[in-house]
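Subject: A structure for you to look at

Hello,

Here is the structure I promised to pass on. Please open it alongside this email, and take your time with it.

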Amino acid sequence: MNHNTPITPRPLPLAPHTGRPERLASADQLRAQGIPAGEVAARCRPGGWQQLLPGVFLLQPGTPTSEDRLRAALLYSRRTGTLPTQDPDAMITGLAALTLHRFSSAPPLTALERIDVLVPRTRRLRSTGWVRVVRTPESPEPVELTGVPVAPVARAVADAVSGLSDAETVRRLLTEAVRGGHCEPGAVVRELSRARLLTRSHVVDAVDALLAEGRSLSEDRLYAMVREFALPDPLWNVDLRLPGGPHLGGVDAYWPDQAVAVELDTRAPRQDEDALWSEYTRKREHLERLGITVVHLTPRKLREAMDQQATVVRTALMAAPDRQPPAYVVVLPR
């Protein structure tokens, strides 16, 4: 077949859900449809099909859409490899994923020069053209958005940050992840730590702002819980000490008459996660030995089930008369 050989019309691959001709196909899919490589090459003349990526073709003329580019990136990432069928497939990550998650701080898909695709570490695949391949030893559970598998926000943020050097852009992405209610600060920081990004000064600065943002939001939700569910007013943000003795630690809310304390767990584990958790556990156990009930609340619990958390606190307050009298502690402002 040469460039003057007429092409015999042949049915194009059909989309499984709509029954309409596919816009995209891989070389393997075309071969399975009985379309040989020579015919594919002939159809890719000017004004015909277009090869968007190695082994991936747009089966019509015209400028590829944003959806075409997303699906082409996924087709490219799945066209090779020896993974068992039960292993996770590829998913969109990085800035493209955050755009699909509707981040206002992420650029529109049309402005992205690169699309990141997350694949299992064992997949034999190289970055090419406008596709960057990101490997992971453990694939997260993807979220389906606009029919496309997308990495969860915390992972997508870490993959986006890995390619960014602008401190302000990094700060905006991290802040929106928390302020927009997409995920907890700890989840983002765990992914940043896993990607070894906490050695970069501009990322560390953004993380500090993220933690402050996360604690502020959690404190606001705690105030709202006490107000909206008509709990007794506590003493807010206080330190507890034994008379003439050691410092017992700070708590976010304390009801001295009932000896009930609430502590928000807004830890964002970094490399010292075990040490932080051990310190928290020691403080809690010490307070409980003194007869003080410690209610542990996480930002996620407050955001997703505030009514249940209010019930937990109310139950602890009502159970106070049935407990042994607590030790006397000194309450100081933090």
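Below is what I found in it, starting with the whole chain and ending with a single residue.

Please keep in mind that this is a predicted model. The average pLDDT of the chain is 86, and 87% of the residues reach at least 70. Two stretches call for care. Residues 5–9 stay under 50 in pLDDT, and the model gives them seven contacts beyond four places in sequence. The pLDDT is also below 50 over residues 80–87, a stretch with seven contacts in the model beyond near neighbours in sequence. Where pLDDT is low, the predicted coordinates should not be read in detail.

Now the overall picture. The chain has 334 residues, of which 45% count as buried. You will find 11 helices and 13 strands in it. Of the contacts in the chain with a separation of 6 or more, 62% are between residues 24 or more positions apart. The chain exposes about 17700 Å², with carbon and sulfur atoms supplying 50% of that area.

How do they pack? On the H5 side, the contact is made by Val153, Val157, Ala160 and Val161, while H6 brings in Val170, Leu173, Leu174 and Ala177. Sorted by type, the residues of this contact are eight nonpolar, no polar and no charged.

H5 itself is mostly covered, with nine of its nine residues buried. Among them are Arg155 and Asp159, as well as Ala154, Ala156 and Ala158.

Finally, have a look at Arg314, which lies in helix H11 (residues 306–318). Is Arg314 buried, partly exposed or exposed? Its relative accessibility is 32%, so Arg314 counts as partly exposed. Leaving aside residues up to four places away in sequence, Arg314 touches Phe229, Ala230 and Leu231.

Best wishes

Note on methods: Residues numbered from 1 in each chain as written. Predicted model: local features only at pLDDT ≥ 70, side-chain atom pairs only at ≥ 80, totals over all residues. Heavy atoms only, no water. pLDDT = per-residue confidence, 0-100. Contact = heavy atoms within 4.5 Å. Helix = DSSP H or I, 4+ residues; strand = E, 2+ residues; numbered from the N terminus. Buried < 20%, exposed > 50% of the residue type's maximum accessible area, 1.4 Å probe, protein only. Areas by Shrake-Rupley, 256 points an atom, 1.4 Å probe, with all protein chains shown as cover. Nonpolar A, V, L, I, M, F, W, Y, C, P; charged D, E, K, R; others polar.
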